[in-house]
Structure formats: structure tokens, C-alpha cells
Amino acid sequence: MRKIINFTFLLAFMLLLVGCMGEDKGQLTRVDVQKNDAEEKYEEALMITDKESIELLSEAFKKIPSKEGGV
């Protein structure tokens, strides 16, 4: 019984690992925005996913200098 449970967890882990391997790193696909109110409490989060806005934000982020020298 223990071998079946171990095999199931190993299979699930491998599926998750393989599913994440094809992701394109460095490609911005979504931006979550959350605003603080005057009392330092978070308001409802806004998710930006439309391609035009994402491209505009990506270009703006590229203009921000970083310590590492990359984006």
C-alpha cells in the first residue's frame, strides 16, 4: 500500500514538473495590481491580462534600471 502512495506522489510531482518545463521565462503574461487604502489595508486586486496593456507595461518595465543590469 505504501508503494502505491509513494508512486502516486512521484507521478503527480513528475507531471507538475513536466508541465512547468515548457513555460517561456521572461515573457510577461499577466500583471496583478493591488492598492493600499489610507489605513494600509489592501483593496480588491485587479488583474491585467489584455495583450496591448501587457506590452505597454512590459516596455515601461524595461525602462526601469535594475542593479543586475537586466529586466
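Here are some notes on the structure above, written as numbered points.

1. **What kind of model this is.** This is a predicted model, in which local features need pLDDT of at least 70, side-chain atom pairs count only at pLDDT 80 or more, and totals for chains, interfaces and linings use all residues. Residues are numbered from 1 along each chain as its sequence is written, and side-chain values use heavy atoms, with hydrogens and water left out.

2. The score to look at is pLDDT, the predictor's confidence in each residue, from 0 to 100. Its mean for the protein is 80, and 86% of the residues reach 70 or more.

3. **The overall layout.** You'll find 2 helices and 2 strands here. Helices (H or I, at least four residues) and strands (E, at least two) are DSSP runs, numbered from the N terminus. Reading along the sequence gives the pattern α-β-β-α. Helix H1 covers residues 2-21, strand S1 residues 31-33, strand S2 residues 46-48 and helix H2 residues 51-62.

4. **Surface and contacts.** The protein has 71 residues, and 4% of them count as buried. Buried means under 20% relative accessible area, exposed means over 50%, and partly exposed is in between (1.4 Å probe, protein chains only). The accessible surface is about 7,200 Å², with 61% of it belonging to carbon and sulfur atoms. Those areas come from the Shrake-Rupley method with a 1.4 Å probe; for residues, only the protein chains shown count as cover. As for contacts (heavy atoms within 4.5 Å), take those in the protein with a separation of 6 or more: residues 24 or more positions apart account for 19% of them.

5. **A nonpolar patch.** Leu10, Phe13, Met14 and Leu17 form a nonpolar patch on the surface, with about 410 Å² of accessible area together. Patches are made of residues with over 30% relative accessible area and no salt bridge: like charges are joined within 9 Å, nonpolar side chains (Val, Leu, Ile, Met, Phe, Trp, Tyr) within 5 Å. Met14 sits in helix H1. Its relative accessible area is 43%, so Met14 is partly exposed.

6. **Ile54, a buried residue.** Is Ile54 buried or exposed? Ile54 counts as buried because its relative accessibility is 5%. Its place is in helix H2. Leaving out residues up to four places away in sequence, Ile54 touches Leu28, Thr29, Arg30, Val31, Ile48 and Thr49. Take Thr29: 25 residues separate it from Ile54 in sequence, yet their C-alpha atoms are 6.7 Å apart.

7. **The two strands.** Leu46 lies in strand S2, and with a relative accessible area of 51% Leu46 is exposed. Not counting residues up to four places away in sequence, Leu46 touches Val31, Asp32 and Val33. Leu46 and Val31 are 15 residues apart in sequence and 8.3 Å apart in space, C-alpha to C-alpha. Now look from strand S1, where Asp32 lies. With the sequence neighbours up to four places away left out, Asp32 touches Leu46 and Met47.

8. **Salt bridges.** Side chains of opposite charge can pair when their charged atoms come close. A salt bridge is a side-chain nitrogen of Lys or Arg within 4 Å of a carboxyl oxygen of Asp or Glu. How many turn up in the whole structure? The search finds 3. Asp32 pairs with Arg30, the closest N and O atoms being 2.9 Å apart. Asp32 is partly exposed at 46% relative accessibility, and Arg30 is partly exposed at 44%. Glu39 and Lys41 meet in a salt bridge at 3.6 Å, N to O; Glu39 is exposed, with a relative accessible area of 58%.

9. Glu59 counts as partly exposed at 44% relative accessibility, and Lys62 is partly exposed at 47%.
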